[in-house]
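Please keep the sequence and the 3D view open while you go through them.

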Amino acid sequence: MASLDGQVVLVTGATDGLGRALAVSLAEAGATVLIHGRDAGRITGTTEDVRAMSDSDQVRSYQADLSVLAQVRTLAAQVTEAEPQLDVLVNNAGIGSTVPGGGARQESSDGYELRFAVNYLLPLLTSSAPSRIINVSSAGQQAIDFDDVMLTAGYSGVRAYCQSKLAQIMFTIDLARRLHGTGVTVNALHPATFMPTKIVASPASTIAEGVAATMRLITAPVSEVGTGRYYNGLRGARADAQAYDGSARERLRELSEKLTGLPPLG
């Protein structure tokens with residue numbers, strides 16, 4: 001395992017599944033790991049477990065509900081103020097395609113379709129400019145309907161999930177091009193298919209496979225993994241065709257800036 005001594009890595013959604021296992025691997029590799037979660041009790045338990053399993057005391061925690069933009073901004077401010085550096089940001093937090101309690105459409109507290117808010121808007125907060133950004137996406141993708149991004153008509157959890165995951169990949173490609181020459185790389189990946197997490201009913205791969213694929217994007221030489229790419233596990237792959245449509249990416253960027261109230265990047 002490559003050494004990550006001296007590096008600080010923030011993992012969102014780190015209290016379960018891939019995020020939790022990844023936090024352990026990062027700590028074992030020598031990184032200072034910043035664990036993010038939504039529930040205070042689970043954050044405390046995860047932090048203690050990661051410290052014990054990795055034999056590392058360089059594990060700190062942050063709490064925020066990423067479906068609330070105000071809390072996203074607070075999280076970014078807290079990390080920026082408390083941490084002297086941030087080398088890697090792993091955007092792992094997300095909501096699956098199954099809607100708790102049935103198939104009804106859900107909105108975030110800001111009035112945005114919930115999966116779009118959690119799965120996509122977070123990566124815009126890159127003001128601390130880490131060396132690497134890894135967006136945990138999915139092979140499940142669906143083209144964005146810009147006439148109904150929030151899916152007010154014809155809603156399904158699967159459609160919402162797949163749209164949000166394609167949006168992540170589109171943002172990855174767009175951000176990588178806009179950060180060209182800055183030393184910041186941005187990649188997206190589908191870590192593994194149907195890992196045994198709380199949002200998967202019938203696992204088809206292991207958490208270890210997903211950790212290995214994600215760790216590769218964190219530790220491999222930039223000359224090997226590049227930037228602005230989409231990976232399916234350990235291999236480079238092609239995303240949905242809309243991801244490579246420059247005009248669609250521009251529309252998504254403009255919409256995202258409008259929804260978040262953030263100024264244009266660059």
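1. The phi of Asp-55 is near 55 degrees, a positive value in a residue that is not glycine, and Asp-55 is exposed, with a relative accessible area of 73%. Here buried means under 20% relative accessible area, exposed over 50%, and partly exposed in between, with a 1.4 Å probe and protein chains only.

2. Please bear in mind that this is a predicted model, in which local features need pLDDT of at least 70 and side-chain atom pairs count only at pLDDT 80 or more, while totals for chains, interfaces and linings use all residues. Residues are numbered from 1 along each chain as its sequence is written, and side-chain values use heavy atoms, with hydrogens and water left out.

3. Leu-151 also has a positive phi, of about 55 degrees, although it is not a glycine, and its place is in the loop between strand 5 and helix 5 (157-178). At 0% relative accessibility, Leu-151 counts as buried. As background, most residues other than glycine have a negative phi.

4. The chain has eight helices and eight strands, and the eight strands form an open sheet of mixed pairing in the order 3-2-1-4-5-6-7-8. Strand 3 (59-63) and strand 8 (235-236) stand at the edges with a single partner strand each, so one side of each is left without a neighbour in the sheet. Helix 2 (residues 40-54) packs on the sheet, where it touches strand 2 (32-37) and strand 3, and its direction makes about 170 degrees with that of strand 3; contact means heavy atoms within 4.5 Å, and such angles, which run from 0 to 180 degrees, are taken between N-to-C directions of lines fitted to C-alpha atoms, for helices over the stretch in contact.

5. How do the strands pair, parallel or antiparallel, when strand 1 meets strand 4? Strand 1 and strand 4 pair in the parallel sense over three bridges, with Val-9 opposite Val-88, and strand 4 runs parallel to strand 5, joined by four bridges. Strand 7 (residues 230-232) and strand 8, by contrast, pair in the antiparallel sense over two bridges; two strands count as paired if DSSP finds at least two bridges between them.

6. Strand 4 is covered on both faces, with Val-88 and Val-90 on one side and Leu-89 and Asn-91 on the other, all of them buried. The largest nonpolar core has 30 residues, and those with the most contacts inside it are Leu-22, Leu-26, Val-90 and Ile-218; such a core is a set of buried Ala, Val, Leu, Ile, Met, Phe, Trp, Tyr and Cys residues joined through side-chain atoms within 4.5 Å. A second, separate core of 16 residues includes Val-149, Leu-166, Ala-188 and Leu-252.

7. Leu-252 is also among the buried residues of helix 8, which include Ala-248 and Arg-249. Helix 8 (residues 246-260) has 15 residues and reaches 21 Å from its first C-alpha to its last, close to the 21 Å expected at 1.5 Å a residue, where the expected span is 1.5 Å times one less than the number of residues. Just after helix 8, Gly-261 takes a positive phi of about 75 degrees.
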